[in-house]
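This briefing is intended for a reader who has the sequence and the coordinates at hand.

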Amino acid sequence: MNILGIESSCDETAASVVSDGCLMHSSVVASQINLHESTGGIVPEVAARAHLQAIVPVIEQAMLDAKCDWSDIDAIGATNGPGLPGALLIGFNAARGLAYSRNIPLIPVDHIEGHIRACWLNESPPPLPALALVVSGGHTELIRIEENNTFVRLGSTRDDAAGEAFDKVARLLGLPYPGGPPLSALAETAQERQLKLPRAWLRGTNDFSFSGLKTAVLNLLKENDHPAPAEIAWAFQESVCDVLAKKTRNLAEKENVKSVLVAGGVAANRRLREVLAEHISIELRIPPPNLCTDNGAMIAAAAYAHKNNAVNAKSPLDIEPTAMRKKRLRSTETAR
Ligand SMILES: Nc1ncnc2c1ncn2[C@@H]1O[C@H](COP(=O)(O)OP(=O)(O)OP(=O)(O)O)[C@@H](O)[C@H]1O
Ligand SMILES: [Mg+2]
C-alpha cells in the first residue's frame with residue numbers, strides 16, 4: 001500500500017511516499033528556518049504563508065523522487081494536529097483536495113504519533129510492548145506502546161519541552177534559531193567540563209521539568225565572571241541528557257518493555273544518543289537525524305498504522321490546533 005504523507009504542523013512543509021508504512025521512496029522537506037531566524041522563533045501567520053507557497057512544489061517533488069504516478073498512490077495521510085492552526089490547514093486541506101479528486105482514502109495523523117512511527121521506517125517493526133521517549137520542539141513525553149498498538153501516555157513535561165529548552169537556552173547564549181544544533185555544536189567545543197547545572201528529577205513521577213534549568217543558566221549568565229558559553233552549553237546538555245536517559249531507563253525497567261524508541265527533533269542530538277546507549281540495555285531504536293525532525297515519511301508511516309481510520313475528504317474540517325495537546329493520541333489514556 002503506497003501512502004503519500006503530508007506534514008505542515010509547524011515550520012516544515014514536507015511530503016513523502018512510503019510503502020506499507022516502512023519502505024521510504026522519497027522525503028522532501030522545505031524548511032522555513034531562514035524565514036524565522038530574524039524573529040528568533042515562529043510567527044504563525046508567516047509560517048502559514050510559507051506553507052502555502054511550498055505545499056504544491058513539495059508534493060510534486062516527493063512524487064517525482066518516488067517515480068510515482070497518482071494512480072500508484074492508494075491513500076493520503078496528513079497531520080491534523082497538534083500544531084499551528086494556519087499551518088495545519090494548508091497541509092490538511094491540500095490532502096483533502098487530493099484525496100477527493102483521486103477518490104482515495106484520507107487518513108488524519110497525530111503529529112506526535114508520527115514522530116514515533118519514524119522508528120518503523122526502513123526497518124522491521126520494533127519489538128512491542130515498547131516505551132517511546134518523544135523529545136521535540138513542543139513535547140517531551142513517555143508513551144507505552146502495547147502489542148495491539150495502543151498508545152498510553154505515562155509522563156510528560158510540566159513546563160518547557162526539551163527542544164524548547166534547547167532553543168531558549170541557545171537564545172540566552174546568543175545562538176541562532178533553532179537552538180538545538182548550534183548549542184550542541186558549541187557544547188562539543190567546551191574545554192572545561194566541571195560545571196554542574198541542576199537536574200529536576202520529579203521523583204515518584206514520570207514527568208519532566210526544564211524551566212528551572214533554563215533559569216539556572218539565565219542566573220549564571222548574569223554573574224560577571226561566569227564560565228565560558230561553551231562550558232555552560234555543555235553543562236546544560238549534560239543535565240538534559242542525564243534526566244532524559246535515566247528516567248527513560250527506569251520506566252522501561254518498571255514497565256518491562258522489549259524496546260525503547262526515541263523520536264522528535266532532540267533525538268537528533270549526538271550526546272543524547274550516546275547517553276541513552278550507555279543506559280538502555282534492551283533494543284534502542286532512534287531514527288537517523290533527518291527523520292527525527294518533522295518530515296512526511298513519519299506521517300505516511302503513522303497513516304499506514306491507521307489505514308482503517310480513513311475519513312471522507314468531504315467531511316467537515318477536523319484539525320486539532322493545540323500547542324499542548326489536551327486530547328491525546330487517538331487511543332491514548334491519561335497517565336497511570
Ligand atoms: N541536534 C540537536 N540537539 C538538540 N536539539 C535539537 C537538535 N536538532 C533539533 N533539535 C531541536 O528539535 C526541535 C525541533 O524538533 P521537531 O521538529 O520535532 O519539533 P516541532 O515539530 O517544532 O515540535 P512538535 O513536534 O512538538 O510539534 C527544536 O527545538 C530544535 O532545537
Ligand atoms: Mg515535530
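The model is predicted, and its chain has an average pLDDT of 93, with 95% of the residues scoring at least 70. The chain contains 11 helices and 10 strands. The domain assignment divides it into domain 1 (2-117 + 291-309) and domain 2 (127-286). Ligand 1 lies between these domains, because both of them give residues to its shell.

**Confidence**

- Residues 324-336 form a stretch over which pLDDT stays under 50.
- For residues 324-336 the model has 20 contacts beyond four places in sequence.

**Overall form**

- A compact globule of 336 residues would have a radius of gyration near 20 Å, and the chain agrees with this because its own value is 20 Å.
- The C-alpha trace spans about 65 × 45 × 35 Å along its principal axes.
- Of the 336 residues, 52% count as buried.
- When contacts between residues at least 6 apart in sequence are considered, 75% join residues at least 24 apart.

**Domains and their contact**

- The centres of domain 1 and domain 2, taken over C-alpha atoms, are separated by 26 Å.
- Domain 1 brings 13 residues to the contact, and domain 2 brings 19 residues.
- On the side of domain 1 that touches domain 2, α1 (33-37) and α4 each supply at least two residues.
- The largest share of that side of domain 1 comes from α4, with four residues.
- By class, the side of domain 1 that touches domain 2 holds six nonpolar, five polar and two charged residues.

**Shell around ligand 1**

- The shell around ligand 1 has 23 residues, of which Gly 137, Gly 138, Gly 163, Gly 180 and Gly 265 come nearest.
- Helices α4 (111-117), α5 (162-172) and α6 (180-188) each supply at least two residues of this shell.

**Helix α11**

- Helix α11 (residues 296-305) is mostly covered, with nine of its 10 residues buried.
- The buried residues of α11 include Gly 296, Met 298, Ile 299 and Tyr 304.
- Ala 297, Ala 300, Ala 301, Ala 302 and Ala 303 are also among the buried residues of α11.

**Asp 207**

- Asp 207 is placed in the loop between α6 and α7 (211-222).
- This residue, Asp 207, counts as partly exposed because it has 19 C-beta neighbours inside 10 Å, whereas a buried residue needs 20 or more.
- Not counting residues up to four places away in sequence, Asp 207 touches Gly 155, Ser 156, Thr 157, Arg 158 and Leu 202.
- Between Asp 207 and Val 17, which are 190 residues apart in sequence, the C-alpha to C-alpha distance is 35 Å.

**Glu 123**

- Glu 123 is located in the loop between α4 and β6 (130-135).
- Glu 123 has 11 other C-beta atoms within 10 Å and is therefore exposed, the limit for this class being 12 or fewer.
- The C-alpha atoms of Glu 123 and Val 46 are 36 Å apart, and the two residues are 77 residues apart along the chain.

Key
Residues numbered from 1 in each chain as written. Chains lettered and ligands numbered in written order. Predicted model: local features only at pLDDT ≥ 70, side-chain atom pairs only at ≥ 80, totals over all residues. Near = placed C-beta within 6 Å. Domains from an automatic or database assignment. Contact = placed C-beta atoms within 7 Å. Nonpolar A, V, L, I, M, F, W, Y, C, P; charged D, E, K, R; others polar. Rg over C-alpha atoms; globule rule 2.2 N^0.38 Å. pLDDT = per-residue confidence, 0-100.
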